[in-house]
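Good morning, and thank you for making time for this presentation.

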Amino acid sequence: MNGKRVETVRKGTPAHGPVVYWMSRDQRAADNWALLHARKDAVERKCPLGVVFCLTPDYLGATIRHYGFMLRGLEETAGRLAEKGIRFHLLTGDPAEEIPRFVVEQGVSRLVTDFSPLRIKREWERKVAERIAIPFDIVDAHNIIPCRAASPKREPAAYTFRPKVRKALPEFLTDFPPLEEHPFPWKGEAPRIDWEKERGELVVDRSVGEVSWLEPGERAARRALRDFLENRLASCYGMRNDPNRHGQSRLSPYFHFGQLAPQRAALEAQGFDDNLPALASFLEELVVRRELSDNFCFHTPDYDRFSCFPAWARETLNLHRYDLRGYLYSRQRLEEAETHDPLWNAAQTEMVRIGKMHGYLRMYWAKKILEWSASPEEALDTAIYLNDRYEMDGRDPNGYAGIAWSIGGVHDRPWPERPIFGKVRSMTFQGCRRKFDVDAYVRKVREDGRR
Ligand code: FAD
Ligand code: FO1
(Lines give C-alpha, C1' and ligand atoms only; values in the text may rest on other atoms or scores of the structure.)
(Ligands and ions follow the chains in the order given, each with its own letter.)
Protein backbone atom coordinates (compact mmCIF):
# COMPACT_ATOMS: atom_id res chain seq x y z
CA MET A 1 0.00 0.00 0.00
CA ASN A 2 1.29 3.46 -0.80
CA GLY A 3 2.73 4.98 2.37
CA LYS A 4 1.30 8.38 1.44
CA ARG A 5 -2.10 7.07 2.53
CA VAL A 6 -0.94 6.87 6.15
CA GLU A 7 -0.77 9.78 8.58
CA THR A 8 1.01 8.72 11.77
CA VAL A 9 -0.69 10.52 14.63
CA ARG A 10 1.53 8.83 17.19
CA LYS A 11 4.67 6.80 16.56
CA GLY A 12 6.04 4.37 19.11
CA THR A 13 7.13 0.79 19.41
CA PRO A 14 3.97 -1.18 19.96
CA ALA A 15 3.94 -3.75 22.74
CA HIS A 16 2.39 -7.13 21.98
CA GLY A 17 -1.38 -6.96 21.81
CA PRO A 18 -4.20 -6.86 19.26
CA VAL A 19 -4.20 -4.34 16.42
CA VAL A 20 -7.53 -2.55 16.05
CA TYR A 21 -9.06 -0.67 13.10
CA TRP A 22 -11.55 1.91 14.36
CA MET A 23 -13.94 1.87 11.39
CA SER A 24 -16.03 4.98 10.75
CA ARG A 25 -16.19 6.29 7.19
CA ASP A 26 -15.20 3.20 5.22
CA GLN A 27 -17.68 0.62 6.42
CA ARG A 28 -16.52 -2.40 4.37
CA ALA A 29 -14.30 -5.44 4.63
CA ALA A 30 -13.21 -5.50 0.97
CA ASP A 31 -11.06 -2.84 -0.70
CA ASN A 32 -10.29 -1.06 2.56
CA TRP A 33 -6.78 0.42 2.85
CA ALA A 34 -7.20 1.16 6.57
CA LEU A 35 -8.08 -2.48 7.30
CA LEU A 36 -5.24 -3.73 5.07
CA HIS A 37 -2.77 -1.45 6.88
CA ALA A 38 -3.92 -2.72 10.30
CA ARG A 39 -3.76 -6.34 9.14
CA LYS A 40 -0.21 -5.97 7.76
CA ASP A 41 1.04 -4.76 11.16
CA ALA A 42 -0.85 -7.51 13.00
CA VAL A 43 0.61 -10.23 10.74
CA GLU A 44 4.15 -8.85 11.09
CA ARG A 45 3.86 -8.80 14.89
CA LYS A 46 1.80 -12.01 15.10
CA CYS A 47 -1.08 -10.24 16.89
CA PRO A 48 -4.86 -10.66 16.73
CA LEU A 49 -6.76 -8.17 14.52
CA GLY A 50 -10.03 -6.47 15.46
CA VAL A 51 -12.39 -3.89 13.97
CA VAL A 52 -14.39 -1.59 16.22
CA PHE A 53 -17.31 0.62 15.20
CA CYS A 54 -18.58 3.17 17.70
CA LEU A 55 -22.30 3.83 17.14
CA THR A 56 -23.09 7.40 18.13
CA PRO A 57 -26.86 7.98 18.07
CA ASP A 58 -26.78 11.73 17.51
CA TYR A 59 -24.59 12.00 14.43
CA LEU A 60 -25.25 15.37 12.76
CA GLY A 61 -29.02 15.00 12.85
CA ALA A 62 -29.10 11.62 11.13
CA THR A 63 -32.41 9.77 11.32
CA ILE A 64 -33.48 6.12 11.23
CA ARG A 65 -33.42 6.42 7.41
CA HIS A 66 -29.61 6.63 7.68
CA TYR A 67 -28.95 4.46 10.71
CA GLY A 68 -31.15 1.64 9.38
CA PHE A 69 -29.21 1.52 6.11
CA MET A 70 -25.87 1.87 7.88
CA LEU A 71 -26.51 -0.82 10.51
CA ARG A 72 -27.74 -3.32 7.93
CA GLY A 73 -24.56 -2.71 5.97
CA LEU A 74 -22.43 -3.09 9.10
CA GLU A 75 -24.13 -6.38 9.94
CA GLU A 76 -23.04 -7.82 6.60
CA THR A 77 -19.51 -6.44 6.99
CA ALA A 78 -19.19 -7.86 10.52
CA GLY A 79 -20.04 -11.28 9.08
CA ARG A 80 -17.43 -10.92 6.33
CA LEU A 81 -14.77 -9.96 8.86
CA ALA A 82 -15.61 -12.92 11.11
CA GLU A 83 -15.16 -15.24 8.10
CA LYS A 84 -11.60 -13.89 7.85
CA GLY A 85 -10.79 -14.37 11.54
CA ILE A 86 -11.14 -10.64 12.26
CA ARG A 87 -13.16 -9.83 15.39
CA PHE A 88 -15.85 -7.10 14.99
CA HIS A 89 -16.80 -5.06 18.07
CA LEU A 90 -19.79 -2.72 18.21
CA LEU A 91 -19.61 0.05 20.83
CA THR A 92 -22.24 2.70 21.53
CA GLY A 93 -21.63 6.24 22.73
CA ASP A 94 -19.12 9.03 22.20
CA PRO A 95 -16.08 7.66 20.32
CA ALA A 96 -13.82 10.09 22.22
CA GLU A 97 -14.75 8.19 25.39
CA GLU A 98 -15.46 4.68 24.14
CA ILE A 99 -12.44 4.14 21.88
CA PRO A 100 -9.78 4.98 24.53
CA ARG A 101 -11.67 2.82 27.05
CA PHE A 102 -11.72 -0.07 24.55
CA VAL A 103 -7.98 0.36 23.82
CA VAL A 104 -7.11 0.04 27.51
CA GLU A 105 -9.58 -2.77 28.28
CA GLN A 106 -8.41 -4.88 25.35
CA GLY A 107 -4.70 -4.11 25.66
CA VAL A 108 -4.63 -2.83 22.07
CA SER A 109 -1.09 -2.30 20.76
CA ARG A 110 -1.85 -0.15 17.70
CA LEU A 111 -4.93 1.83 16.65
CA VAL A 112 -5.77 2.59 13.00
CA THR A 113 -8.73 4.66 11.77
CA ASP A 114 -9.99 5.84 8.37
CA PHE A 115 -9.70 9.41 7.13
CA SER A 116 -12.52 11.92 7.04
CA PRO A 117 -12.08 15.67 6.42
CA LEU A 118 -15.13 16.56 8.51
CA ARG A 119 -14.70 18.45 11.79
CA ILE A 120 -16.62 15.90 13.86
CA LYS A 121 -14.32 12.97 13.02
CA ARG A 122 -11.15 15.09 13.31
CA GLU A 123 -12.30 16.20 16.76
CA TRP A 124 -12.91 12.58 17.78
CA GLU A 125 -9.41 11.68 16.56
CA ARG A 126 -7.82 14.58 18.43
CA LYS A 127 -9.45 13.58 21.71
CA VAL A 128 -8.67 9.87 21.24
CA ALA A 129 -5.01 10.68 20.48
CA GLU A 130 -4.79 12.62 23.77
CA ARG A 131 -6.18 9.71 25.72
CA ILE A 132 -4.22 6.77 24.36
CA ALA A 133 -0.49 6.04 24.60
CA ILE A 134 -0.13 3.57 21.73
CA PRO A 135 0.82 4.11 18.05
CA PHE A 136 -2.13 5.63 16.16
CA ASP A 137 -2.45 5.92 12.35
CA ILE A 138 -5.06 7.58 10.12
CA VAL A 139 -5.35 5.95 6.67
CA ASP A 140 -7.14 7.58 3.73
CA ALA A 141 -9.27 4.66 2.54
CA HIS A 142 -11.87 6.87 0.83
CA ASN A 143 -9.95 8.86 -1.78
CA ILE A 144 -8.13 7.29 -4.68
CA ILE A 145 -5.48 9.99 -4.26
CA PRO A 146 -5.02 10.50 -0.53
CA CYS A 147 -6.45 13.93 0.35
CA ARG A 148 -3.26 15.07 2.04
CA ALA A 149 -1.18 13.98 -1.00
CA ALA A 150 -3.52 15.37 -3.69
CA SER A 151 -2.86 19.00 -2.79
CA PRO A 152 -1.32 20.88 0.16
CA LYS A 153 -3.96 23.62 -0.09
CA ARG A 154 -7.59 24.48 -0.81
CA GLU A 155 -8.08 24.27 -4.57
CA PRO A 156 -10.12 27.16 -6.04
CA ALA A 157 -11.83 25.03 -8.69
CA ALA A 158 -11.97 21.70 -10.51
CA TYR A 159 -9.76 23.07 -13.30
CA THR A 160 -6.88 23.67 -10.86
CA PHE A 161 -7.36 20.31 -9.14
CA ARG A 162 -7.84 18.14 -12.25
CA PRO A 163 -4.19 18.32 -13.48
CA LYS A 164 -2.98 17.25 -10.04
CA VAL A 165 -5.40 14.34 -10.07
CA ARG A 166 -4.39 13.31 -13.60
CA LYS A 167 -0.71 13.38 -12.64
CA ALA A 168 -1.16 11.40 -9.43
CA LEU A 169 -3.69 8.84 -10.70
CA PRO A 170 -1.19 6.31 -12.13
CA GLU A 171 0.57 6.14 -8.76
CA PHE A 172 -2.61 5.59 -6.73
CA LEU A 173 -5.25 3.98 -8.95
CA THR A 174 -3.91 0.50 -8.25
CA ASP A 175 -5.89 -2.67 -7.58
CA PHE A 176 -6.58 -3.77 -4.01
CA PRO A 177 -4.98 -6.92 -2.58
CA PRO A 178 -7.64 -9.40 -1.44
CA LEU A 179 -8.42 -9.53 2.30
CA GLU A 180 -6.71 -12.72 3.49
CA GLU A 181 -7.70 -14.86 6.48
CA HIS A 182 -6.02 -13.51 9.63
CA PRO A 183 -3.88 -16.25 11.21
CA PHE A 184 -3.78 -14.95 14.80
CA PRO A 185 -7.24 -15.27 16.38
CA TRP A 186 -8.76 -12.82 18.88
CA LYS A 187 -8.92 -14.49 22.28
CA GLY A 188 -12.23 -15.76 23.68
CA GLU A 189 -15.68 -16.27 22.18
CA ALA A 190 -17.08 -13.52 19.92
CA PRO A 191 -20.00 -11.83 21.72
CA ARG A 192 -23.15 -12.24 19.56
CA ILE A 193 -24.43 -8.87 18.34
CA ASP A 194 -28.23 -8.61 18.26
CA TRP A 195 -28.49 -6.26 15.27
CA GLU A 196 -32.29 -6.15 15.34
CA LYS A 197 -32.11 -5.03 18.96
CA GLU A 198 -29.42 -2.45 18.14
CA ARG A 199 -31.66 -0.97 15.46
CA GLY A 200 -34.75 -1.14 17.62
CA GLU A 201 -33.21 0.40 20.73
CA LEU A 202 -31.29 3.18 18.99
CA VAL A 203 -32.43 6.54 20.37
CA VAL A 204 -32.86 8.33 17.05
CA ASP A 205 -35.36 10.45 15.11
CA ARG A 206 -37.70 7.92 13.50
CA SER A 207 -39.95 10.44 11.77
CA VAL A 208 -38.02 10.11 8.48
CA GLY A 209 -38.75 6.64 7.20
CA GLU A 210 -36.24 4.17 5.82
CA VAL A 211 -36.11 3.74 2.03
CA SER A 212 -36.76 0.54 0.09
CA TRP A 213 -35.32 1.35 -3.35
CA LEU A 214 -31.75 0.78 -2.19
CA GLU A 215 -30.47 -2.44 -0.67
CA PRO A 216 -27.73 -1.80 1.94
CA GLY A 217 -24.38 -3.57 2.17
CA GLU A 218 -21.19 -4.39 0.30
CA ARG A 219 -22.74 -7.11 -1.87
CA ALA A 220 -25.64 -4.93 -3.03
CA ALA A 221 -23.23 -2.05 -3.67
CA ARG A 222 -21.05 -4.15 -5.99
CA ARG A 223 -24.16 -5.36 -7.80
CA ALA A 224 -25.39 -1.78 -8.22
CA LEU A 225 -22.01 -0.74 -9.61
CA ARG A 226 -21.99 -3.58 -12.15
CA ASP A 227 -25.60 -2.91 -13.15
CA PHE A 228 -24.85 0.76 -13.73
CA LEU A 229 -21.65 0.17 -15.73
CA GLU A 230 -23.06 -2.67 -17.84
CA ASN A 231 -26.60 -1.45 -18.42
CA ARG A 232 -26.83 2.31 -17.94
CA LEU A 233 -23.45 3.99 -18.34
CA ALA A 234 -23.49 4.04 -22.15
CA SER A 235 -27.19 4.54 -22.70
CA CYS A 236 -28.44 7.21 -20.32
CA TYR A 237 -25.35 8.74 -18.80
CA GLY A 238 -25.41 11.27 -21.61
CA MET A 239 -28.88 12.21 -20.34
CA ARG A 240 -27.43 12.71 -16.88
CA ASN A 241 -29.00 16.16 -16.55
CA ASP A 242 -32.51 14.87 -17.19
CA PRO A 243 -34.37 13.94 -13.97
CA ASN A 244 -36.85 11.96 -16.13
CA ARG A 245 -34.11 9.55 -17.14
CA HIS A 246 -32.39 7.15 -14.74
CA GLY A 247 -29.08 8.46 -16.06
CA GLN A 248 -27.03 8.66 -12.88
CA SER A 249 -25.37 5.81 -11.02
CA ARG A 250 -27.24 6.33 -7.74
CA LEU A 251 -24.12 5.03 -5.97
CA SER A 252 -23.64 7.99 -3.61
CA PRO A 253 -25.22 6.36 -0.50
CA TYR A 254 -22.85 3.41 -0.93
CA PHE A 255 -19.88 5.77 -1.22
CA HIS A 256 -21.08 7.92 1.66
CA PHE A 257 -21.32 4.99 4.09
CA GLY A 258 -18.18 3.45 2.67
CA GLN A 259 -19.95 0.25 1.59
CA LEU A 260 -18.29 0.65 -1.82
CA ALA A 261 -14.79 2.00 -2.45
CA PRO A 262 -14.76 4.80 -5.05
CA GLN A 263 -11.44 3.28 -6.14
CA ARG A 264 -13.23 0.00 -6.92
CA ALA A 265 -15.75 1.93 -9.04
CA ALA A 266 -12.94 3.66 -10.93
CA LEU A 267 -11.07 0.37 -11.46
CA GLU A 268 -14.19 -1.36 -12.82
CA ALA A 269 -15.12 1.65 -14.95
CA GLN A 270 -11.68 1.52 -16.57
CA GLY A 271 -12.63 -1.84 -17.99
CA PHE A 272 -15.13 -0.09 -20.26
CA ASP A 273 -14.70 1.55 -23.63
CA ASP A 274 -12.75 4.68 -22.80
CA ASN A 275 -14.01 6.33 -26.00
CA LEU A 276 -17.36 6.55 -24.26
CA PRO A 277 -17.98 10.24 -23.43
CA ALA A 278 -20.17 8.90 -20.65
CA LEU A 279 -17.18 7.16 -19.07
CA ALA A 280 -15.13 10.34 -19.06
CA SER A 281 -17.91 12.31 -17.37
CA PHE A 282 -18.55 9.53 -14.81
CA LEU A 283 -14.85 9.50 -13.87
CA GLU A 284 -14.78 13.30 -13.77
CA GLU A 285 -17.55 13.26 -11.17
CA LEU A 286 -16.34 10.19 -9.31
CA VAL A 287 -12.71 11.25 -9.04
CA VAL A 288 -12.19 14.97 -9.64
CA ARG A 289 -15.46 16.36 -8.21
CA ARG A 290 -15.75 13.93 -5.31
CA GLU A 291 -12.13 14.26 -4.21
CA LEU A 292 -12.29 18.04 -4.66
CA SER A 293 -15.00 18.01 -1.98
CA ASP A 294 -12.66 16.30 0.47
CA ASN A 295 -9.96 18.84 -0.44
CA PHE A 296 -12.46 21.64 0.23
CA CYS A 297 -13.61 20.33 3.63
CA PHE A 298 -10.12 19.33 4.75
CA HIS A 299 -8.61 22.76 4.04
CA THR A 300 -11.69 24.80 4.96
CA PRO A 301 -12.69 24.18 8.59
CA ASP A 302 -15.67 26.57 8.16
CA TYR A 303 -16.95 24.58 5.16
CA ASP A 304 -20.59 25.02 6.31
CA ARG A 305 -20.45 28.78 6.99
CA PHE A 306 -20.87 31.93 4.84
CA SER A 307 -17.27 32.81 5.76
CA CYS A 308 -15.93 29.94 3.59
CA PHE A 309 -17.25 31.46 0.33
CA PRO A 310 -14.63 33.01 -1.95
CA ALA A 311 -14.12 36.75 -1.39
CA TRP A 312 -15.84 37.72 -4.68
CA ALA A 313 -18.92 35.75 -3.66
CA ARG A 314 -19.10 37.18 -0.12
CA GLU A 315 -18.73 40.66 -1.56
CA THR A 316 -21.45 40.25 -4.19
CA LEU A 317 -23.88 38.52 -1.81
CA ASN A 318 -23.33 41.31 0.72
CA LEU A 319 -23.96 43.92 -1.95
CA HIS A 320 -27.28 42.25 -2.81
CA ARG A 321 -28.16 41.28 0.75
CA TYR A 322 -31.14 43.67 0.89
CA ASP A 323 -32.45 43.17 -2.64
CA LEU A 324 -36.19 42.68 -2.71
CA ARG A 325 -37.11 38.97 -2.61
CA GLY A 326 -40.00 38.14 -4.94
CA TYR A 327 -40.79 35.24 -2.62
CA LEU A 328 -39.72 34.61 0.97
CA TYR A 329 -40.23 31.18 2.54
CA SER A 330 -39.57 29.91 6.06
CA ARG A 331 -37.65 26.65 6.56
CA GLN A 332 -40.95 24.96 7.41
CA ARG A 333 -42.70 26.08 4.17
CA LEU A 334 -39.70 24.84 2.21
CA GLU A 335 -39.55 21.55 4.11
CA GLU A 336 -43.24 21.01 3.32
CA ALA A 337 -42.66 21.85 -0.35
CA GLU A 338 -45.19 24.68 -0.17
CA THR A 339 -43.70 27.18 -2.59
CA HIS A 340 -45.11 28.72 -5.78
CA ASP A 341 -42.69 26.65 -7.90
CA PRO A 342 -44.06 23.21 -8.94
CA LEU A 343 -40.64 21.97 -10.05
CA TRP A 344 -38.95 22.89 -6.77
CA ASN A 345 -41.86 21.38 -4.81
CA ALA A 346 -41.60 18.13 -6.79
CA ALA A 347 -37.85 17.86 -6.16
CA GLN A 348 -38.32 18.53 -2.43
CA THR A 349 -41.21 16.05 -2.25
CA GLU A 350 -39.18 13.33 -3.96
CA MET A 351 -36.22 13.91 -1.65
CA VAL A 352 -38.42 13.65 1.46
CA ARG A 353 -40.11 10.53 0.09
CA ILE A 354 -37.16 8.49 -1.23
CA GLY A 355 -34.07 10.18 0.20
CA LYS A 356 -32.73 11.00 -3.26
CA MET A 357 -32.76 14.03 -5.51
CA HIS A 358 -31.39 14.04 -9.05
CA GLY A 359 -28.02 15.79 -9.27
CA TYR A 360 -29.19 18.45 -11.72
CA LEU A 361 -32.19 19.33 -9.58
CA ARG A 362 -30.00 19.60 -6.45
CA MET A 363 -28.31 22.64 -7.96
CA TYR A 364 -31.64 24.27 -8.86
CA TRP A 365 -33.10 23.28 -5.47
CA ALA A 366 -30.29 24.94 -3.47
CA LYS A 367 -30.11 28.06 -5.62
CA LYS A 368 -33.81 28.69 -5.21
CA ILE A 369 -33.36 28.42 -1.43
CA LEU A 370 -30.87 31.30 -1.73
CA GLU A 371 -33.38 33.29 -3.81
CA TRP A 372 -36.27 32.70 -1.39
CA SER A 373 -34.49 33.02 1.99
CA ALA A 374 -34.07 36.19 4.05
CA SER A 375 -30.25 35.94 3.92
CA PRO A 376 -27.47 33.80 2.41
CA GLU A 377 -26.64 32.51 5.92
CA GLU A 378 -30.21 31.36 6.47
CA ALA A 379 -30.24 29.76 3.00
CA LEU A 380 -27.04 27.87 3.77
CA ASP A 381 -28.36 26.56 7.08
CA THR A 382 -31.69 25.55 5.54
CA ALA A 383 -30.10 23.74 2.58
CA ILE A 384 -27.71 21.82 4.83
CA TYR A 385 -30.49 20.96 7.28
CA LEU A 386 -32.89 19.65 4.60
CA ASN A 387 -30.16 17.89 2.60
CA ASP A 388 -28.76 16.10 5.66
CA ARG A 389 -32.17 15.26 7.14
CA TYR A 390 -33.63 13.60 4.04
CA GLU A 391 -30.89 12.64 1.58
CA MET A 392 -29.45 9.14 1.91
CA ASP A 393 -26.03 10.56 1.03
CA GLY A 394 -26.23 13.57 3.38
CA ARG A 395 -23.66 14.68 5.99
CA ASP A 396 -20.98 14.20 3.36
CA PRO A 397 -18.14 16.45 2.14
CA ASN A 398 -19.89 16.39 -1.26
CA GLY A 399 -22.92 17.95 0.36
CA TYR A 400 -21.08 20.80 2.03
CA ALA A 401 -19.18 21.46 -1.21
CA GLY A 402 -22.29 21.12 -3.40
CA ILE A 403 -24.30 23.52 -1.25
CA ALA A 404 -21.40 25.99 -0.97
CA TRP A 405 -21.08 25.83 -4.78
CA SER A 406 -24.78 26.52 -5.26
CA ILE A 407 -25.17 29.31 -2.73
CA GLY A 408 -21.67 30.74 -2.36
CA GLY A 409 -19.86 30.21 -5.66
CA VAL A 410 -17.30 27.78 -4.18
CA HIS A 411 -15.36 26.11 -7.03
CA ASP A 412 -17.27 28.38 -9.46
CA ARG A 413 -16.58 31.77 -11.02
CA PRO A 414 -18.42 35.11 -11.11
CA TRP A 415 -21.36 35.31 -13.57
CA PRO A 416 -23.22 38.34 -14.99
CA GLU A 417 -24.75 40.19 -12.05
CA ARG A 418 -28.44 39.87 -11.19
CA PRO A 419 -30.68 40.58 -8.16
CA ILE A 420 -30.13 38.61 -4.94
CA PHE A 421 -27.52 36.25 -6.53
CA GLY A 422 -25.20 39.07 -7.49
CA LYS A 423 -22.48 37.36 -9.51
CA VAL A 424 -23.22 33.89 -8.06
CA ARG A 425 -24.45 31.64 -10.87
CA SER A 426 -28.24 31.50 -10.89
CA MET A 427 -30.64 28.94 -12.36
CA THR A 428 -34.18 29.55 -13.55
CA PHE A 429 -37.35 27.58 -14.09
CA GLN A 430 -37.23 28.48 -17.78
CA GLY A 431 -33.64 27.27 -17.89
CA CYS A 432 -34.79 23.88 -16.61
CA ARG A 433 -37.59 23.81 -19.19
CA ARG A 434 -34.97 24.14 -21.88
CA LYS A 435 -33.03 21.22 -20.40
CA PHE A 436 -35.77 18.64 -19.77
CA ASP A 437 -39.54 18.03 -19.71
CA VAL A 438 -40.42 19.76 -16.43
CA ASP A 439 -44.13 18.89 -16.63
CA ALA A 440 -43.34 15.19 -17.07
CA TYR A 441 -41.13 15.22 -13.99
CA VAL A 442 -43.74 17.05 -11.87
CA ARG A 443 -46.42 14.60 -13.06
CA LYS A 444 -44.20 11.59 -12.27
CA VAL A 445 -43.59 12.75 -8.70
CA ARG A 446 -47.32 13.38 -8.23
CA GLU A 447 -48.24 9.93 -9.60
CA ASP A 448 -45.55 8.21 -7.50
CA GLY A 449 -47.15 9.84 -4.47
CA ARG A 450 -50.50 8.29 -5.30
CA ARG A 451 -49.12 4.73 -5.42
P1 FAD B 1 -23.42 10.25 -10.32
O2 FAD B 1 -23.75 11.42 -11.17
O3 FAD B 1 -23.68 8.89 -10.77
O4 FAD B 1 -21.86 10.43 -9.93
C5 FAD B 1 -21.12 9.34 -9.40
C6 FAD B 1 -20.44 9.78 -8.12
O7 FAD B 1 -19.60 10.90 -8.39
C8 FAD B 1 -21.41 10.24 -7.03
O9 FAD B 1 -21.92 9.17 -6.28
C10 FAD B 1 -20.52 11.14 -6.20
O11 FAD B 1 -19.70 10.40 -5.32
C12 FAD B 1 -19.66 11.80 -7.27
N13 FAD B 1 -20.26 13.07 -7.69
C14 FAD B 1 -21.17 13.28 -8.68
N15 FAD B 1 -21.47 14.59 -8.77
C16 FAD B 1 -20.73 15.22 -7.81
C17 FAD B 1 -20.59 16.57 -7.38
N18 FAD B 1 -21.27 17.57 -7.98
N19 FAD B 1 -19.75 16.86 -6.36
C20 FAD B 1 -19.05 15.86 -5.75
N21 FAD B 1 -19.14 14.55 -6.10
C22 FAD B 1 -19.97 14.24 -7.11
N23 FAD B 1 -23.33 14.38 -3.00
C24 FAD B 1 -23.28 13.55 -1.90
O25 FAD B 1 -22.65 12.48 -1.95
N26 FAD B 1 -23.91 13.89 -0.71
C27 FAD B 1 -24.61 15.05 -0.60
O28 FAD B 1 -25.16 15.34 0.48
C29 FAD B 1 -24.68 15.94 -1.73
N30 FAD B 1 -25.36 17.11 -1.63
C31 FAD B 1 -25.38 17.95 -2.71
C32 FAD B 1 -26.07 19.17 -2.59
C33 FAD B 1 -26.10 20.06 -3.67
C34 FAD B 1 -26.86 21.35 -3.51
C35 FAD B 1 -25.42 19.74 -4.87
C36 FAD B 1 -25.44 20.70 -6.04
C37 FAD B 1 -24.74 18.53 -5.01
C38 FAD B 1 -24.70 17.63 -3.92
N39 FAD B 1 -24.02 16.39 -4.01
C40 FAD B 1 -23.99 15.55 -2.93
C41 FAD B 1 -23.22 16.04 -5.21
C42 FAD B 1 -23.98 15.26 -6.28
O43 FAD B 1 -25.18 15.89 -6.58
C44 FAD B 1 -24.26 13.83 -5.80
O45 FAD B 1 -23.07 13.22 -5.43
C46 FAD B 1 -24.94 13.00 -6.87
O47 FAD B 1 -26.16 13.56 -7.24
C48 FAD B 1 -25.15 11.59 -6.32
O49 FAD B 1 -25.90 10.83 -7.22
P50 FAD B 1 -25.19 9.66 -8.05
O51 FAD B 1 -24.41 8.78 -7.14
O52 FAD B 1 -26.20 9.06 -8.93
O53 FAD B 1 -24.14 10.52 -8.89
N1 FO1 C 1 -19.67 7.28 11.93
C2 FO1 C 1 -19.37 6.64 13.11
O3 FO1 C 1 -18.19 6.38 13.36
N4 FO1 C 1 -20.35 6.28 14.00
C5 FO1 C 1 -21.65 6.51 13.76
O6 FO1 C 1 -22.51 6.17 14.57
C7 FO1 C 1 -22.01 7.16 12.54
C8 FO1 C 1 -23.35 7.43 12.24
C9 FO1 C 1 -23.66 8.05 11.02
C10 FO1 C 1 -24.99 8.31 10.66
C11 FO1 C 1 -25.29 8.90 9.46
C12 FO1 C 1 -24.26 9.24 8.58
O13 FO1 C 1 -24.56 9.82 7.39
C14 FO1 C 1 -22.91 9.02 8.91
C15 FO1 C 1 -22.62 8.41 10.12
N16 FO1 C 1 -21.28 8.17 10.49
C17 FO1 C 1 -20.97 7.54 11.65
C18 FO1 C 1 -20.16 8.79 9.78
C19 FO1 C 1 -19.89 8.30 8.40
O20 FO1 C 1 -19.76 6.95 8.39
C21 FO1 C 1 -18.63 9.00 7.89
O22 FO1 C 1 -17.55 8.70 8.70
C23 FO1 C 1 -18.78 10.50 7.87
O24 FO1 C 1 -19.92 10.84 7.17
C25 FO1 C 1 -17.55 11.16 7.26
O26 FO1 C 1 -17.67 11.29 5.91
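Before I continue, two remarks on conventions. This is a predicted model, in which local features need pLDDT of at least 70 and side-chain atom pairs count only at pLDDT 80 or more, while totals for chains, interfaces and linings use all residues. Residues are numbered from 1 along each chain as its sequence is written, chains are lettered from A and ligands numbered from 1 in the order in which they are written, and side-chain values use heavy atoms, with hydrogens and water left out.

A disulfide is taken here as a pair of cysteine sulfur atoms within 2.5 Å. By this rule the count is 0 disulfides. C297 is likewise in no disulfide, as its nearest cysteine sulfur, that of C308, lies 8.6 Å away. C147 is buried, at 2% relative accessible area, and C297 is buried too, at 1%. Buried means under 20% relative accessible area, exposed means over 50%, and partly exposed lies in between, with a 1.4 Å probe and protein chains only.

I turn now to helix 15, residues 359-372. Helices are DSSP runs of H or I with at least four residues, strands are runs of E with at least two, and both are numbered from the N terminus. The expected span of a helix is 1.5 Å times one less than its number of residues. For the 14 residues of helix 15 this gives 20 Å, and the end C-alpha atoms are 20 Å apart, in agreement. Of those 14 residues, 11 are buried, so helix 15 is largely enclosed by the rest of the structure. Among the buried residues are Y360, K367 and E371.

Which residues of helix 14 meet helix 15? They are L343, W344, A347, Q348 and M351, and they meet L361, Y364, W365, K368, I369 and W372 in helix 15. Contact means heavy atoms within 4.5 Å. The residues of this contact divide into 9 nonpolar, 1 polar and 1 charged. Here Ala, Val, Leu, Ile, Met, Phe, Trp, Tyr, Cys and Pro count as nonpolar, Asp, Glu, Lys and Arg as charged, and the others, Gly among them, as polar. The axes of helix 14, residues 342-354, and helix 15 come within 10 Å and cross at roughly 115 degrees. Axes are lines fitted to C-alpha atoms, for helices over the stretch in contact, and angles run from 0 to 180 degrees between N-to-C directions.

Next, two loop residues. K46, between helix 1 (33-44) and strand 3 (49-55), has a phi near 50 degrees, a positive value in a residue other than glycine. R395, between helix 16 (376-390) and helix 17 (397-408), has a positive phi near 60 degrees. Is each of them buried or exposed? K46 is exposed, with 55% relative accessible area, whereas R395 is buried, with 2%.

E125 sits in helix 4, residues 119-131, and is buried at 9%. Beyond neighbours within four places in sequence, E125 contacts W22, T113, D114, F136 and I138. A157 lies in the loop between helix 5 (147-150) and helix 6 (158-172) and is buried at 7%. Not counting residues up to four places away in sequence, A157 touches L292 and H411.
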